[in-house]
Amino acid sequence: MGETTHERDERMTEKELDRLLAEDGYGVKLVRDDDSDFQVWELWELLDSRDGWIVGYFDSPEDVCDYVGIWA
């Protein structure tokens, strides 16, 4: 199960995940993160360095990685 998402200090940061996804032509933005474990991650497919389209919304960095097909 996603152990890293349950420990607040061990969660993957937005910057780390964005850097990881950039190699595959994606970008990510953490659009909601409150004090509980509830998060919303917005995944973008990049068309160029400034523009792209929203692929979907996910509950965790692991869900984003599973969708894209990469191992974090």
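Set aside residues up to four places away in sequence, and glutamine 39 touches Arg11, Leu30, Arg32, Asp33, Phe58, Asp59, Ser60 and Pro61, where contact means heavy atoms within 4.5 Å. That's a handy place to start. Glutamine 39 sits in strand β2, and it counts as buried because its relative accessibility is 4%; the cut-offs are under 20% relative accessible area for buried, over 50% for exposed, and partly exposed in between, with a 1.4 Å probe and protein chains only. Its side chain also makes a polar contact of 2.8 Å with the side chain of tryptophan 41. A polar contact here is a pair of N or O atoms within 3.5 Å; within protein, one must be able to donate a hydrogen and the other to accept it, and residues adjacent in sequence count only if both atoms are side-chain atoms.

Before going further, a word on what you're looking at. This is a predicted model, so local features need pLDDT of at least 70 and side-chain atom pairs count only at pLDDT 80 or more, while totals for chains, interfaces and linings use all residues. Residues are numbered from 1 along each chain as its sequence is written, and side-chain values use heavy atoms, with hydrogens and water left out.

How confident is the predictor? The pLDDT, its confidence in each residue from 0 to 100, averages 80 over the protein chain, and 82% of the residues score at least 70. Helix α1 (residues 3–6) has the lowest confidence, at a mean of 42, and helix α3 (residues 61–68) the highest, at 92. Over residues 1–9 the pLDDT is below 50, though this stretch has twelve contacts in the model beyond near neighbours in sequence. Where pLDDT is low, the predicted coordinates should not be read in detail.

Now the layout. The protein chain has three helices and three strands, in the order α-α-β-β-β-α along the sequence; these are DSSP runs numbered from the N terminus, with helices being H or I of at least four residues and strands E of at least two. Of its 72 residues, 29% count as buried. Among contacts between residues at least 6 apart in sequence, 31% join residues at least 24 apart.

Back in strand β2 (residues 39–46) you'll find glutamate 42. What glutamate 42 does have is a side-chain polar contact of 2.7 Å with tryptophan 44.

Lysine 29 itself lies in strand β1 (residues 26–33) and is partly exposed, because its relative accessibility is 43%. Lysine 29 and glutamate 42 are 13 residues apart in sequence, but 5.1 Å apart C-alpha to C-alpha. Leaving aside neighbours within four places in sequence, lysine 29 is in contact with Glu14, Val40, Trp41 and Glu42.

Aspartate 59 counts as exposed because its relative accessibility is 53%. Not counting residues up to four places away in sequence, aspartate 59 touches Gln39 and Trp41.

Definitions and conventions. pLDDT is the predictor's confidence in each residue, from 0 to 100.
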